[in-house]
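Student: Could you take me through one part of this structure at close range? I would like to follow a single residue and its surroundings.

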Amino acid sequence: MSKREPALAALWVGAIILGMEKNILRPVRNGLFAVELHAAVWTGTIHSFINLSPNAPCVTGNKEISRPDECRLLYLTGSESQQRAPVCPWQPFGTTPLGLADIEVQQHATCKGHCLQYVSWRWDTENGLSCEDRGFDETAVVDQCGATSTEFDAASVTTQTEGFLQSELLSETATRSIFGWLRVDGYPPIEKEIFTHDWFDVGSSSEESVLKDDDSPATEQSLIKEWLDRVE
């Protein structure tokens, strides 16, 4: 890990001394590590594709916008349903016709310079003084304008291994998470094939059966009322 991110070597040493390294790596192996944007810019690292700057302009010649850029603009503009950064650090695939994107995305798709930029952290002391913290490693440079996708040789992927099955499960979780964040208010008709895929149809039949077993919504209301009556 220190070779991958030399700027964080000292922090890894501290984590190992404190016995925290296993707790840090356990969720990472499951693809569920926490995204902390402030820590990312403070250390000069990248925790999520949201950290990266959108393309400028975001709109392609055929009036489409990449879904990663769509996510970034939704978050940066403070869209009502996307005010929190996505918990999934991996970017979605594909593009969206600009006319089907949210209003906030359409308004800023041709803008330049929309991105998150760390300035400093100010520490206020009890004696009324303050000092600015420019970052863990002020010399660290994060390529926020670089490519946001990674190319790999498909021939190097082995499908008949337990590792691949685990990787596919992690991909399923990540895909469902980021598309669920992007389309929390519903998806356009052209994405029906995505959202009717098996990866998104988790437990639907069991959930339907549970609802059918209930007598009626009135039954649920009576249970809630009974629970509220017991609350002091």
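Tutor: Let's take C71: leaving aside residues up to four places away in sequence, C71 touches F49, I50, P92, I178, W181 and L182. Keep in mind that this is a predicted model. C71 also belongs to the largest nonpolar core, a set of 23 residues, where C71, V105, I178 and W181 are the ones touching the most other members. Two of those, I178 and W181, are also among the residues C71 touches. The biggest share comes from α6, with 5 residues. As a general matter, nonpolar side chains in soluble globular proteins tend to be buried together.

Now step back to the whole chain. The chain has 9 helices and 4 strands, and along the sequence they run α-α-α-β-α-β-α-β-β-α-α-α-α. Among contacts with a separation of 6 or more, 66% join residues 24 or more positions apart. Of the 232 residues, 25% count as buried, and the chain exposes about 16300 Å², with carbon and sulfur atoms supplying 55% of that area.

There is also a nonpolar patch on the surface to look at: V13, I17, L18, M20 and I24 form it, with about 500 Å² of accessible area together. One of its members, L18, sits in the loop between α1 (9–17) and α2 (21–29). L18 counts as exposed because its relative accessibility is 63%, and the cut-off for exposed is over 50%.

Technical notes:
Residues numbered from 1 in each chain as written. Predicted model: local features only at pLDDT ≥ 70, side-chain atom pairs only at ≥ 80, totals over all residues. Heavy atoms only, no water. Core = buried A, V, L, I, M, F, W, Y, C linked by side-chain atoms within 4.5 Å. Buried < 20%, exposed > 50% of the residue type's maximum accessible area, 1.4 Å probe, protein only. Helix = DSSP H or I, 4+ residues; strand = E, 2+ residues; numbered from the N terminus. Contact = heavy atoms within 4.5 Å. Patch = residues over 30% accessible without salt bridge, like charges linked within 9 Å, V, L, I, M, F, W, Y side chains within 5 Å. Areas by Shrake-Rupley, 256 points an atom, 1.4 Å probe, with all protein chains shown as cover. Salt bridge = Lys/Arg side-chain N within 4 Å of Asp/Glu carboxyl O.
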